[in-house]
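Please read the following briefing alongside the sequence and the structure.

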Amino acid sequence: MTELEYPFDASHIIQKRRSIRRTLLADGTPRIQKRIAVLGGSTTSDIVKTLELFLLNAGIEPTFYESEYAQYFQDAMFPDETLRSFKPDIVFIHTSNRNVTNWPEMTDSAEAVDAKLRAETEKFTAMWRSIQEKFHCPIIQNNFEMPFYRLLGNRDAWDIHGRTNFLTRLNDAFYAFARENESFYINDLNYISADYGLKEWSNPLFWNMYKYAMCFEAIPAFAFSVSNIIKSIFGKNKKALALDLDNTLWGGVVGDDGVDGIEIGQETGVSQSYYEFQSYVRQLKSIGIVLTVCSKNDRENAIAGLNHPEGALKPDDFIVIKANWENKDRNIAETAAELNILPDSIVFADDNPAEREIVRTQIKGAAVPEMDGVENYITTIDRSGFFEVTSFSEDDLKRNEMYKKNALRAAEMASFGDYGDYLRSLEMHAVIDDFLPVYIARITQLTNKSNQFNVTTKRYTPAEMEATFESPDYIRLYGKLIDKFGDNGVVSVVIGRKNGKTLDIELWLMSCRVLKRDMELAMLDRLVERCREAGIETIRGYYYPTAKNNMVRGLFDSFGFEKVSEDANGSTVWQLAVDGYTPKNHVIEVSGNEAAG
């Protein structure tokens, strides 16, 4: 819903919260269901109600547990039966500087201030450890906003007795914990409050009267930030940015003004704004966001504009360049097909409101931000949270290069009359074996991002994946695929739970960038081999239909599994006798993992 997208009207959201909720729940959007425990150091009811809206809009239907007022520590350390039986998928600890109790005094020695800092840090660390032990789920923790007054003026920032200094050091302790714990995330309350305006945010009236940690109208901005973390954890981020060119990446119309006449570079304030936006977009590429062009233009003019000597972006920075006179919604749909991603994974940035409206109405789920004034472009995309980073792997650094190599593969495929000959020409080699610690982060990321080739769409938190990795009750396989164009990285994952002589497949997924390459056949061969080694006689596969995974509806049937049952919703159970299995015909050379080799 556009009213829940940045920049949003906080007053409107607060006033229309119930009607917005009703509309969202009635719109027919398929959503994943998640349980979120909110442990608050202040009043949380309005935060929870607003957070629900943003999550529903992101494709997540939440159920909440709320601690009693200021009982966050007690619930974290000594959860009652209600919280234990709730079994949260995420715990969000909503604290602020109002919950700090060990403030330094002017008479304190440096040692005394350090002791107070340790006491505060240890209180929170104990909570986090307790939650990890009891619930094995991700934790979202606010850091601390700066104080609304400075007793020492500017000295408050660096003097050890200043509250500003104390909170800065306390935040640093939180960040150190986050760096060492993959399933622990910081909601940057310090930044959000500064961005909103600390003076208004921290208005004491709202604490003194209602025990709100922020002013009432700041709640949507705060809830939006928390929702961005949650949707990122559960794989609801966008993957690609489709960019218009004229008056979006540069000022002017390259076809009319010529390359020399477009505005980009350091000469004027306007041209510098376009240069800064291009530089920001190029930084997005560095975190794995796929860049594409969607422009009504002659291709020759588009390439000339992208080769402008003062521009920060060049043609090679884009995986797909659609510069033609087709409708932009069609170009975006074709771009998604070429990238093997869903159209709703794309953010479309265009200065033209008419083009935005067409894409918004024709490409369901695609994000279409309001691009109003080049000086606001960076803020709009940045604050919208499309690309919130909660995990980052080596594959993210290589993603654009991998898509480029896929384009080369596609070009080579077009030159072959026989698909089998094309596959053999790729000289594919797969590494398929039990999980390695170095790949756990990437494997976890895949479980939360892969939607199309995913038979169960089961999601894993880092803690759950670690537990699965360490348990003897599972057969686990990761698959890497290398060909003459390069290494595709970890692209397939299978997890099966041992149940006597049967293996129940809990997860089977594959990255869309290696579809139709026979990788699933190679994975099946290795899975059967591992089952035989473990004394497994039957493999049982499950397919749970979603709005996005129809492509694997017949996967187990194509493998030769026998259908056991099918319910009214289309969920099916399949089984395969291990002894009767014959290895599949494919052209991939397979070996064990790197550690063994």
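Leaving out residues up to four places away in sequence, Thr447 touches Asn454, Lys458, Arg459, Tyr460, Met465, Leu507 and Leu509, where contact means heavy atoms within 4.5 Å. The model is a predicted one, in which local features need pLDDT of at least 70 and side-chain atom pairs count only at pLDDT 80 or more, while totals for chains, interfaces and linings use all residues. Residues are numbered from 1 along each chain as its sequence is written, and side-chain values use heavy atoms, with hydrogens and water left out.

**Thr447 and helix α20**

- Thr447 belongs to helix α20, residues 440–449; helices (H or I, at least four residues) and strands (E, at least two) are DSSP runs, numbered from the N terminus.
- Thr447 counts as buried because its relative accessibility is 0%, the classes being buried under 20% relative accessible area, exposed over 50% and partly exposed in between, with a 1.4 Å probe and protein chains only.
- A polar atom of the Thr447 side chain lies 2.7 Å from the backbone oxygen of Thr444.
- Although Thr447 and Trp508 are 61 residues apart along the chain, their C-alpha atoms are separated by 9.1 Å.
- The axes of helix α18 (residues 394–413) and α20 come within 10 Å and cross at roughly 60°; axes are lines fitted to C-alpha atoms, for helices over the stretch in contact, and angles run from 0 to 180 degrees between N-to-C directions.
- That contact is made by Asp395, Asp396 and Arg399 on the α18 side, and by Arg442, Gln445 and Lys449 on the α20 side.
- By class, the contact of α18 with α20 has five charged residues, one polar residue and no nonpolar ones, where Ala, Val, Leu, Ile, Met, Phe, Trp, Tyr, Cys and Pro count as nonpolar, Asp, Glu, Lys and Arg as charged, and the others, Gly among them, as polar.

**Helix α21 and its surroundings**

- In helix α21 (residues 462–470), the buried residues are Pro462, Met465 and Thr468.
- Seen down the axis of α21, these buried residues fall within an arc of 120°, so they line one face of the helix; the arc is that of the directions from the helix axis to the C-beta atoms.
- The buried residues of α21 pack against β5 (184–187), α20, β11 (474–483) and β12 (486–499).

- Strand β10 (residues 429–433) runs antiparallel to β11 and is joined to it by five bridges, two strands being paired if DSSP finds at least two bridges between them.
- Within this pairing, Gly479 in β11 is the bridge partner of Ile432.
- β11 also pairs with β12 in the antiparallel sense, over nine bridges, and these strands form a hairpin with two residues between them.
- Ser492, found in strand β12, counts as buried because its relative accessibility is 0%.
- The side chain of Ser492 has a polar atom 2.9 Å from the backbone oxygen of Leu509.
- Leaving aside neighbours within four places in sequence, the contacts of Ser492 include Leu446, Tyr478, Trp508, Leu509 and Met519.

**The five-stranded sheet**

- Five strands form an open sheet with parallel pairing, in the order β2-β1-β3-β4-β5.
- Its edge strands, which each pair on one side only, are β2 (60–66) and β5.
- The twist of this sheet averages 25° from one strand to the next.
- Helix α7 (residues 163–180) packs on this sheet, touching β4 (139–142) and β5, and its direction makes about 145° with that of β5.

- Another open sheet has four strands in the order β8-β7-β6-β9, with parallel pairing, and its edge strands are β8 and β9 (346–349), each pairing on one side only.
- The twist of this sheet averages 15° from one strand to the next.
- α14 lies across β7 and β8, running at about 130° to β8.
- The buried residues of helix α14 (residues 299–306) are Ala302, Gly305 and Leu306.
- Seen down the axis of α14, these residues fall within an arc of 95°, so they line one face of the helix.
- The buried residues of α14 pack against α12 (254–257), β7 (290–296) and β8 (320–324).

Notes: A polar contact is a pair of N or O atoms within 3.5 Å; within protein, one must be able to donate a hydrogen and the other to accept it, and residues adjacent in sequence count only if both atoms are side-chain atoms.
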